[in-house]
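I set out here what I looked up in this structure, entry by entry.

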Amino acid sequence: MTKTERAAILARVDHTCLSPTATWQEIRQLCDEGLRYQTASVCLPPAYVAQAAAYLAGRLPVCTVVGFPLGYSTTMTKVGEAREAVASGADEVDMVIRLGWLKEGNVQAVEDEIHAVKAACGKKILKVIVETCCLTEAEIAMLPAVVARAGADFIKTSTGFSRSGATPHDVKLLAANRPAGLKIKAAGGITSFADAAEFLRLGADRLGTSRLVRLAIEEDQSEQKGEI
C-alpha cells in the first residue's frame with residue numbers, strides 16, 4: 001500500500017482511546033498522533049473532552065461517547081451527557097442505543113431516544129452505536145431506517161467492548177438497507193489496513209480504531225531504520 005493510499009484510509013479513521021484507565025498523557029498522545037496522521041477525529045472519554053478541545057484548538061475534531069458502553073442509562077442521562085459534551089467542545093458524539101428496548105420490540109422508544117440525543121447535539125455529528133454482535137440479521141437490516149428517521153448522521157456497528165466488533169457481513173447488511181444520506185461507521189476489530197480497505201469497499205464511511213495509526217507509526221519507524 002502506498003503512503004497516499006494509507007493516508008486516504010487514515011482520513012476516514014476516528015483515532016480512538018476509550019480505556020477506563022486512560023490518562024491525560026495518553027489522550028494528549030492520541031491527539032498528537034491524530035494531528036500527525038490527519039485522522040477524521042480523535043475519539044476519547046467524555047471526561048477529557050474539554051482538555052482535548054482546548055489542546056487541539058480546532059485543528060482536529062473531537063469525538064466522544066454517550067451511554068457508553070452498555071446503552072442502558074436513561075434517555076435523560078444520555079441527553080445530559082450529549083449536552084455537556086457539546087458544551088465542552090465535542091464536535092461528534094457516538095451514542096449507544098438501549099438494546100433492551102429493541103429486543104422487546106419497542107422500536108419507537110429507540111427512535112425517540114436517538115431523536116432526543118440528536119436534538120441535544122444540535123448541528124454536531126451524531127453516530128448511533130447499535131452493537132451488531134448482539135442483533136439478529138432482521139434487526140440489523142431494520143435499524144438504518146430507524147436511525148435515519150431520528151435524524152442521526154451515522155449508524156455505527158460496535159462499541160468494541162462487547163463480544164465482537166464490526167464484521168464485513170454486518171457492514172454489507174447495513175449498507176444494503178441504509179436510506180440516502182445515512183453514513184456507516186465500522187468499529188471494533190479492525191486490525192490492518194487490508195481490513196480497513198475492505199470495510200470501506202463494502203460501504204463504511206468512517207472507521208473506529210486505534211490500531212491503524214499504530215501500524216502507520218511502526219511502518220514509518222521501520223522505514224527510517226531502513227527495514228522497508
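I took buried to mean under 20% relative accessible area, exposed over 50% and partly exposed in between, with a 1.4 Å probe and protein chains only. Strands (E, at least two residues) and helices (H or I, at least four) are DSSP runs, numbered from the N terminus. The model is predicted, so local features need pLDDT of at least 70 and side-chain atom pairs count only at pLDDT 80 or more, while totals for chains, interfaces and linings use all residues. Residues are numbered from 1 along each chain as its sequence is written, and side-chain values use heavy atoms, without hydrogens and water.

Entry on strand 1. I looked up residues 13–16: Val13 and His15 point one way, Asp14 and Thr16 point the other way, and all are buried. In a regular strand the side chains alternate between the two faces of the sheet.

Entry on its neighbours. I counted strands as paired if DSSP finds at least two bridges between them. Strand 1 runs parallel to strand 8, joined by three bridges, and Asp14 stands opposite Gly208 there. Three bridges also join strand 1 to strand 2 (residues 41–43), again in parallel, with Val42 as the bridge partner of His15. From strand 1 the chain passes through helix 2 (residues 24–37) to strand 2 in a right-handed β-α-β crossover, that is, clockwise from the first strand over the helix to the second with the strands pointing away from the viewer.

Entry on side-chain classes. I noted that the lining of the largest pocket has six nonpolar, twelve polar and three charged residues; Gly counts as polar, and Asp, Glu, Lys and Arg as charged.
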